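Colleague: I'm new to this one. Can you walk me through it?

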Amino acid sequence: MLMLIDCSSCRTPLQLPAGARCLRCIVCGAVTYVAAGGGGGGSVPPMPSPSPHSSNNYGFATAPPWGPAHPSPSPHGRKRAVICGIAYRNTRHELRGSVTDAAYMKHLLVNRFKFPESSVIVLTDDQTDPYRIPTKHNIRMAMYWLVQGCQAGDSLVFHYSGHGSQQRNYTGDEIDGFDETLCPLDFETQGMIVDDEINATIVRPLPSGVKLHAFVDACHSGTVLDLPFLCRMNRSGRCVWEDHRPRSGTWKGTSGGEAISFSGCDDNQTSADTSAFSRVTPSGAMTYCFILAIEKGHGTTYGSILNYIRSTIRSTGDAISGGPISTLLAMLFTGGSPLGGLRQEPQLTSNEPFDVYNKPFSL
């Protein structure tokens, strides 16, 4: 049985295998000793690193070659990104375009927006490094790394391409009664990552001057960051901000920073994994159209990007009789049968309303 303890240095939750008496934090590298009763111990200076291919006596590989222990060169104005592409290969949930999305997004961030390659963490199921496999634990750790130590001037990006789903919400915080979720590679055994956790991990800690952009290309992803405001855009491109703040008063905003999310579809919709756009390589519809908007000069404002993505998906959907829509729920209940049509409407959410056609887009 696994239990969670906090790292005694950076406070990151870590999984402690039964019987283990200490473990090294994969985020900051510090070692936490555990008392015989299972409580957390004190922090000690990081142990000398074993060889890159070794593992310690408790089943944890050595600290990965990324994280706050290996910061990017510039202490201010840093750019850092986490990119997740999950194909669920050799399962009934397999997607064809998610890993391609991850490669496309990394190329865009590094070459167009000048993110240092060493500050872009890519998690895909074809990785050989065990820390780069998009398991629930690794995605959680990557999200912690993304925001840890961020300060004014920093630009953060979280991109996810994979399955999304929903589960019943019992707290009354959701307008539709459902929490939105991400499905890591091992979701069938470890569970999904719920929007409340995503918000608490990468939204609420953001201090003033820090900017986070999320791009979530998944089914049921409209409000997957649980941000307080959703920009409802109609077919003519006109927008109205909807207030999605929980009736309970639970704070879902930032600590002074800025958080904006583009999602593949509304909470009650599915997102396409299709080759209908490139005619060659399968990809997520939202990711492909977002990159197309940037490359074709439609990336000047948030409104122009959202309008371009939505109109491109809509026109492509109208032009084809049906496309393979990948939804976790549909595949679970139909055994992987494709659904017809591109009927998704990408969404924009934010920690606060703004003029989408006058606010310049930048990463």
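This is a predicted model: local features need pLDDT of at least 70, side-chain atom pairs count only at pLDDT 80 or more; totals for chains, interfaces and linings use all residues.

Colleague: Fine. At what angle do helix 2 and helix 4 pack?

Modeller: The angle between helix 2 (residues 136–147) and helix 4 (residues 195–202) is about 30°. Their axes are 9 Å apart. Helix 2 and helix 4 are therefore roughly parallel.

Colleague: Which residues make the contact?

Modeller: Helix 2 brings R140, M143, Y144 and V147. Helix 4 brings E197, I198, T201 and I202. By type, five of the contact residues are nonpolar, one is polar and two are charged.

Colleague: Is helix 4 largely enclosed, or is it open?

Modeller: Largely enclosed by the rest of the structure, because six of its eight residues are buried. Those are D195, E197, I198, N199, T201 and I202.

Colleague: What covers them?

Modeller: The cover includes helix 2, strand 8 (155–161), strand 10, strand 11 and strand 12 (211–217).

Colleague: How many bridges between strand 9 and strand 10?

Modeller: Five, with strand 10 covering residues 178–182. S165 sits opposite T181 of strand 10.

Colleague: Let's change topic. Which residues of strand 19 are buried on each side?

Modeller: Strand 19 spans residues 347–350. Q347 and T349 are buried on one side, L348 and S350 on the other. Both faces of strand 19 are covered.

Colleague: How many bridges join strand 13 to strand 19?

Modeller: Three join strand 13 (residues 229–233) to strand 19, and the two run antiparallel. C231 faces L348 across that pairing.

Colleague: And how many between strand 15 and strand 19?

Modeller: Four, again in the antiparallel sense, with strand 15 at residues 258–263. I260 is opposite S350 in strand 19. S261 has T349 as its bridge partner there.

Colleague: What about strand 12 and strand 15: parallel or antiparallel?

Modeller: Strand 12 and strand 15 run parallel, joined by six bridges. F215 stands opposite F262 of strand 15.

Colleague: Why is strand 15 called largely enclosed?

Modeller: Because five of its six residues are buried, the rest of the structure largely encloses strand 15.

Colleague: Now the rings. How many aromatic pairs does the structure hold?

Modeller: The structure holds 11. One of them is Y88 with F187, an edge-to-face pair. The ring centres are 6.2 Å apart, with 85° between the planes.

Colleague: Where do Y88 and F187 lie in the chain?

Modeller: Y88 is in the loop between strand 6 (79–85) and helix 1 (98–111). F187 is in helix 3 (residues 187–190). They are 99 residues apart, and the pair links distant parts of the chain.

Colleague: Y88 and F187: buried or exposed?

Modeller: Y88 and F187 are both buried.

Colleague: What about F113 and F361: why is that pair edge-to-face?

Modeller: The planes of F113 and F361 are at 80° and the ring centres 6.1 Å apart, so the pair counts as edge-to-face. F113 lies in the loop between helix 1 and strand 7 (120–124). F361 lies in the segment after strand 19. The pair therefore ties together parts 248 residues apart in sequence.

Colleague: What relative accessibility does F113 have?

Modeller: F113 has 13%, so it counts as buried. F361 is buried too, with a relative accessible area of 9%.

Colleague: Which residues form the aromatic cluster?

Modeller: One cluster takes in F113, F215, W241, F262, F290, Y302, F354 and F361.

Colleague: Last one, the whole chain. How many helices and strands?

Modeller: Seven helices and 19 strands. The chain has 363 residues, and 55% of them count as buried. Take the contacts between residues at least 6 apart in sequence: 68% of them join residues at least 24 apart.

Notes. Residues are numbered from 1 along each chain as its sequence is written. Side-chain values use heavy atoms; hydrogens and water are left out. Axes are lines fitted to C-alpha atoms, for helices over the stretch in contact, and angles run from 0 to 180 degrees between N-to-C directions. Angles under 35 degrees count as roughly parallel, over 145 as roughly antiparallel, 65 to 115 as roughly perpendicular and the rest as oblique. Contact means heavy atoms within 4.5 Å. Ala, Val, Leu, Ile, Met, Phe, Trp, Tyr, Cys and Pro count as nonpolar, Asp, Glu, Lys and Arg as charged, and the others, Gly among them, as polar. Two strands pair if DSSP finds at least two bridges between them. Buried means under 20% relative accessible area, exposed over 50%, partly exposed in between (1.4 Å probe, protein chains only). Rings of Phe, Tyr and Trp (its six-membered ring) pair if their centres lie within 6.5 Å; planes under 30 degrees apart count as stacked, over 60 as edge-to-face and the rest as tilted.
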